[in-house]
Amino acid sequence: MFESTFALSDASRILAGIVLLTVVTIEFGGLFLVKVAGGKVPLTEFQKAFSRAGHAHAGVLVILGLVGLVLADATGLDGFWGWVARAAIPLAAILMSGGFFAAMAGRGRTEPNKAVVILFAGAASLAVGVLTLGIGLLAA
């Protein structure tokens, strides 16, 4: 009935499946934000802002990660650079969103704690991933 002319590499297919499973955790983050907005979870304004940022980065970067998997297959990159092109953006989704949430943890916090370094690690992962993917596409 349906014929597909589009196929993912095994690496991209497996990573896409894993990344799609993480969407459930983003849903739980949304539920948490609903509780915050309803006043059921007392947070400082700083913590609310970091919660929103963590949730937003998770959603956007998961989508970018899924698009990146398709684009990585178009680059012809394999081996180490192929894995960097495929995995660095989804890893950034985990690190950046986790960094926002970890950095705001603690009762009454009004500024990031030392866990904010996780956020910066995620930003580095994102930069490496998009640079590798972009250069790979331009060189293909």
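**Exercise 1. In this predicted model, work out how the axes of α2 and α3 are oriented relative to each other, and name the residues through which the two helices touch.**

Step 1. Two packed helices are described by the angle between their axes and the distance between the axes.

Step 2. For α2 and α3, the axes come within 10 Å of each other and cross at roughly 155 degrees.

Step 3. Angles over 145 degrees count as roughly antiparallel, and therefore α2 is roughly antiparallel to α3.

Step 4. On the α2 side, the contact is made by V23, I26, G29, G30, F32, L33 and V36, while α3 contributes K48, S51, R52, H55, A58, G59 and V62.

Step 5. Sorted by class, the residues in this contact of α2 with α3 are 7 nonpolar, 5 polar and 2 charged.

**Exercise 2. Describe the largest pocket of the model by its space, its lining residues and the helices that supply them.**

Step 1. The space in the largest pocket amounts to about 350 Å³.

Step 2. Its lining consists of 20 residues, and those that lie nearest the centre of the pocket are T22, T25, V62, A93 and I94.

Step 3. Two or more lining residues come from each of the elements α1 (10-21), α2 (23-37), α3 (45-75) and α4 (79-103), and α4 gives the most, with 8 residues.

Step 4. When the lining is divided by class, 13 residues are nonpolar, 6 are polar and 1 is charged.

Step 5. Comparing the two exercises, V62 of α3 takes part in the contact with α2, and V62 is also among the residues nearest the centre of the largest pocket.

Key
Residues are numbered from 1 along each chain as its sequence is written. This is a predicted model: local features need pLDDT of at least 70, side-chain atom pairs count only at pLDDT 80 or more; totals for chains, interfaces and linings use all residues. Side-chain values use heavy atoms; hydrogens and water are left out. On a 1 Å grid over the protein atoms alone, a cavity is a set of points where a 1.4 Å probe fits but cannot get out, and a pocket is an open set with protein on both sides within 12 Å along at least five of seven lines; lining residues have an atom within 4 Å of a point. Grid points are joined across faces, edges and corners, and a volume is the space filled by probe spheres set on the points. Helices (H or I, at least four residues) and strands (E, at least two) are DSSP runs, numbered from the N terminus. Ala, Val, Leu, Ile, Met, Phe, Trp, Tyr, Cys and Pro count as nonpolar, Asp, Glu, Lys and Arg as charged, and the others, Gly among them, as polar. Axes are lines fitted to C-alpha atoms, for helices over the stretch in contact, and angles run from 0 to 180 degrees between N-to-C directions. Angles under 35 degrees count as roughly parallel, over 145 as roughly antiparallel, 65 to 115 as roughly perpendicular and the rest as oblique. Contact means heavy atoms within 4.5 Å.
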